[in-house]
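Work through these exercises with the chain on screen. Try each task before reading its solution.

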Amino acid sequence: KSERVSSRGQEERSYRRPSSEPGRAGRARWRPPAGVAYVFSQEYIETCDSLSKVPNRASMVHSLIEAYGLLNQMRDQASGFCYVNDAVLGILKLREKYDRVLYVDVDLHHGDGVEEAFSFTSKVMTVSFHKFSPGFFPGTGDVTNIGLCKGRWYTVNVPLEDGIQDDRYYQIFNRQCHGTMLKWNVRAHFNPDAVVMQLGADTMAGDPMCSFNMTPLGVAKCLRHVLQWRLPTLLLGGGGYNLANTARCWTHLTAVLLGQNLASEIPDHEFFTEYGPDYSLEISPSCRPDRNDGKHLDQVVATIKRNLRNVV
Ligand SMILES: [Zn+2]
């Protein structure tokens, strides 16, 4: 496969966050990664798109490998990864080099395929945040699904209801995946050597899935937390059915990764008219109610906390 995939821009680069960036004063600790590998292949993306057979599905047009350890040792291999839409292969590739890989999935849908692939192993922990509701695809991903045999306790599912917004989502994410205050978090228990994060944008407000009520800012907070672990991290796209909002979301996340500050205005380009009527990078949450019950969410978190005590 590697012969068919071209790559470009894999030079190690240094990025500096502009010191004058507005609205980020409280996040002074965040620093962009020292090196980012950018892998791009139009041919491969088209192949993956044709395989997905999902009409109007937007696949992330590039994969970004944030590469503290990866750049030097794996530069020549990165171009061959099917990173555009295949998380399982990415994890398997990382497993050749890293013992424990953490998969974090913030797509609207349960990451059932990845969970199933690694449900019997303790070397890959899958953590999926998703809508879990009767009749909603794929119908799996209850908090009680925790893995099997040797993989028992290494599957983490965070079922959520419609209408969740940035602050609450990040609260839950923070409690699961990060927090020096909390000794039981996923990273401390599992202690991964590398991370794969799936950044599906079908959680955005305005998505035809009409479920969550997120904006790119909320997902970006989750992304920053994963990145500040300073582990080799592979970032993937995912679902996203409002194409303009999906592009907005992934543009924002790419900028976060690169430590760049983007102007709000959408620049003039071939698809400019898709971004009306406001032609701005931001996405505003809708006024739909948040259906998540606070007590139920606390119970979900408490259950996961108990389960993680079994991870060794
Ligand atoms: Zn999805």
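This is a predicted model: local features need pLDDT of at least 70, side-chain atom pairs count only at pLDDT 80 or more; totals for chains, interfaces and linings use all residues.

**Exercise 1. Decide how β6 is covered.**
Task: Work out how many residues of β6 are buried, and which residues lie on each side.

Solution. 
- Step 1. Count. In β6, 5 of 5 residues are buried.
- Step 2. Sort by side. Ala 194, Val 196 and Gln 198 lie on one side, with Val 195 and Met 197 on the other.
- Step 3. Conclude. Both faces of β6 are covered.

**Exercise 2. Find the buried face of α3.**
Task: List the buried residues of α3, then name elements that cover them.

Solution. 
- Step 1. Helix α3 spans residues 87–95, and its buried residues are Ala 87, Gly 90, Ile 91, Lys 93 and Leu 94.
- Step 2. Look down the axis. The buried residues of α3 fall within an arc of 160°, so they line one face of the helix.
- Step 3. Look for the cover. It includes the strands β3, β4, β6 and β7, along with helix α4.

**Exercise 3. Examine the annotated binding site.**
Task: Locate the positions that UniProt lists for "binding site". Are Asp 107 and Asp 202 buried or exposed?

Solution. 
- Step 1. The unreviewed UniProt entry lists Asp 107, His 109 and Asp 202. They are spread over 96 residues of sequence, yet they cluster in space, with a largest C-alpha distance of 8.3 Å.
- Step 2. Asp 107 sits in the loop between β3 and α4. Asp 202 sits in the loop between β6 and α7.
- Step 3. Apply the cut-off: a residue is buried if 20 or more other C-beta atoms lie within 10 Å of its own. Asp 107 has 22 such neighbours, so it counts as buried. Asp 202 has 26, so it is buried too.
- Step 4. Check contacts beyond four places in sequence. Asp 107 touches Asp 202, and its other contacts include His 130 and Gln 198. Among the contacts of Asp 202 are Leu 108, Met 209 and Tyr 241.

Definitions and conventions
Residues are numbered from 1 along each chain as its sequence is written. A residue is buried if 20 or more other C-beta atoms lie within 10 Å of its own, exposed if 12 or fewer, and partly exposed in between; C-beta atoms are placed from the backbone. Helices (H or I, at least four residues) and strands (E, at least two) are DSSP runs, numbered from the N terminus. The arc is that of the directions from the helix axis to the C-beta atoms. Two residues are in contact if their C-beta atoms, placed from the backbone, lie within 7 Å. UniProt positions are given in the numbering used here, feature names are shortened, and annotations may be inferred rather than shown by experiment.
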